[in-house]
Amino acid sequence: MSSNSALERKLARETASRKAAEQLLEQKSLELFEANQQLTLALSQLKKQNRDGLQKLEFEQQISEGLIHFGRAFLSRNLDDGLVSSLLERLKHSSALSHAELFLLPKLVPTLVADRFNVTEVREIGQVKPYAVWEANQLRLPLEVDYKTVGELSVVLNDVNVDRDFVVSQITLVADLLCSAISRQLIITSNQKARARAEESEKATKEFVAMINHELRTPLNGLLGSAELLAETQLNDEQSTLLNNLVYSGDLLRLIINDILDFSKISAGMMELIPSRFEWASVKQMLNGIFQSKAIEKGVDFRIKESTPIPPILIGDFERICQVMVNLVGNAVKFTRQGSVSVTTKWKHDQLTITVEDTGIGIEQEDLSTLFDPFVQVDRTATRHFEGTGLGLAICKNLVELMRGHIHVHSVKGSGSTFTVTIPLVVGEEEIDTEHARPDGNDAVTLLEQLSILVVDDIRMNQVIINQMLKKLSIQPDIATNGIEAIKAASDHQYDLIFMDCRMPEMDGFEATRYLREQNYTLPIIALTAGTTLEEREKCIVSGMNDILTKPYTAQDLRLMLEKWV
């Protein structure tokens, strides 16, 4: 009995142990299952995080590559519809977006909208918010240029669960790039329009200067030419006095017109130098010819002296150097009542230094600072004794600086003035021509009398003037009034030289000369023009003309031109 009880107790203990073990196993299995479930969840979350991170990284890389590519493109070419369309297409094909659009406000960027973009939808300014807006999966970002909203960039997400803050940060970079590109294009467009306006204004200014140059010099040619021809006729004392008044007024008018036109050319940037070979002796001869008699009339001693030898041949703009000298010496003679006017020259280090010194009225020290300003005269009162426009010294200063030189003045009121000009010049070689010796005396006269000349000019007064001047050289010219008549005359007759006016109706001188040269016409054609700009002179030469005779001209100018070319 006792043995049975002991067995039962043993079985009971074994059963209890088995149940405990089963319970423990069940508990551990549950714990293992729960741990496995947590591990599976953790792995799932980690995979999702990795996938989201990879998607972010991929999207960020796509945006960065697009910014680099289109940033370079926006800098290297104009912003246009094709460039923007390429950027939008790149956004559409990115991993996070399914659609992208750009909207611009035409009232704020009309030049871009009108000229460069095909805008299919235009939103009113009130519909574009100045901040990022989400509408379901659509993000709308404003575009701001110069603190103004000019449009918006709109994108649509292809995943609802994407990190929207990250998308906003990336698309904002694209929007900033577009704003920079639009701003740059607006500046470029504005500069292009400003440049076009400036070029149009410059063209209009040049055309006006050329036109007014022609319109003023043409009647001046008739006035001074008539006075020169009239001086060759029999005149009584009263008529001679009136003629002298006419010549004086005409010369004064010519100086005023020249000053105004030169100043206009300088202001318009049209003044250019025309270098040539010239003899310093010719400058001295010109100054003596103009001022020696005037100085004698005033009782003023006028001298030109050289402190060092001057090279006999120089290369520079002879006409402009003479213009500077005439202005400075002319002022010295004009403002000197007694005493002397001296011109002293020195050559050193390839520079010509010219000093014009007078014992005239002098200039107040406070007036020296504005002496070279345009339209400035020391005596501005209505009772002033000396005439002038106040442009002479301003033009001198501009011309000297254009020749890379400089000009200075020293003056004491009541004791005279000293103007010093230094101009760099090139020394030219002397030419010896024994083959083409110029005929002298009666031989030259006989040669001129035998010339056959055609004059082409549409203005009756100019025809009369040049006809009478040539008659003084025993030349009876043929006359044509336009380019068409000139071509016909040159075809029917062999002329030694043609004087060709440039501006004429029907056919101008440029076109007529080009036609004649195309027909192998080789004899000299000389331009008759009131134009003095380098552009007009080049146009004469390019059309085929050999030389230029500028209005107003004298009978001596005509003779020298004939001797030069025939």
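This is a predicted model: local features need pLDDT of at least 70, side-chain atom pairs count only at pLDDT 80 or more; totals for chains, interfaces and linings use all residues.
**Notes on the fold and its cores**

1. Residues are numbered from 1 along each chain as its sequence is written, and side-chain values use heavy atoms, with hydrogens and water left out.

2. The chain has 15 helices and 17 strands (DSSP runs numbered from the N terminus: H or I of at least four residues for helices, E of at least two for strands). Of its 566 residues, 39% count as buried, meaning under 20% relative accessible area with a 1.4 Å probe, protein chains only.

3. Now the inside. The largest nonpolar core holds 45 residues, and Leu287, Phe302 and Val324 are among those with the most contacts inside it. Such a core is a set of buried Ala, Val, Leu, Ile, Met, Phe, Trp, Tyr and Cys residues joined through side-chain atoms within 4.5 Å. Elements giving two or more residues include helix H6 (280-298), helix H7 (318-334) and strand E6 (300-306). H7 supplies the largest share, eight residues.

4. Apart from that core lies another, of 35 residues, including Leu83 and Val168.

5. In H9, the buried residues include Leu393, Ile395 and Leu399. The helix's buried residues pack against H5, H7, strand E10 (406-412) and E11. Just after H9, Arg404 takes a positive phi of about 65 degrees.

Note on methods
Buried means under 20% relative accessible area, exposed over 50%, partly exposed in between (1.4 Å probe, protein chains only). Contact means heavy atoms within 4.5 Å.
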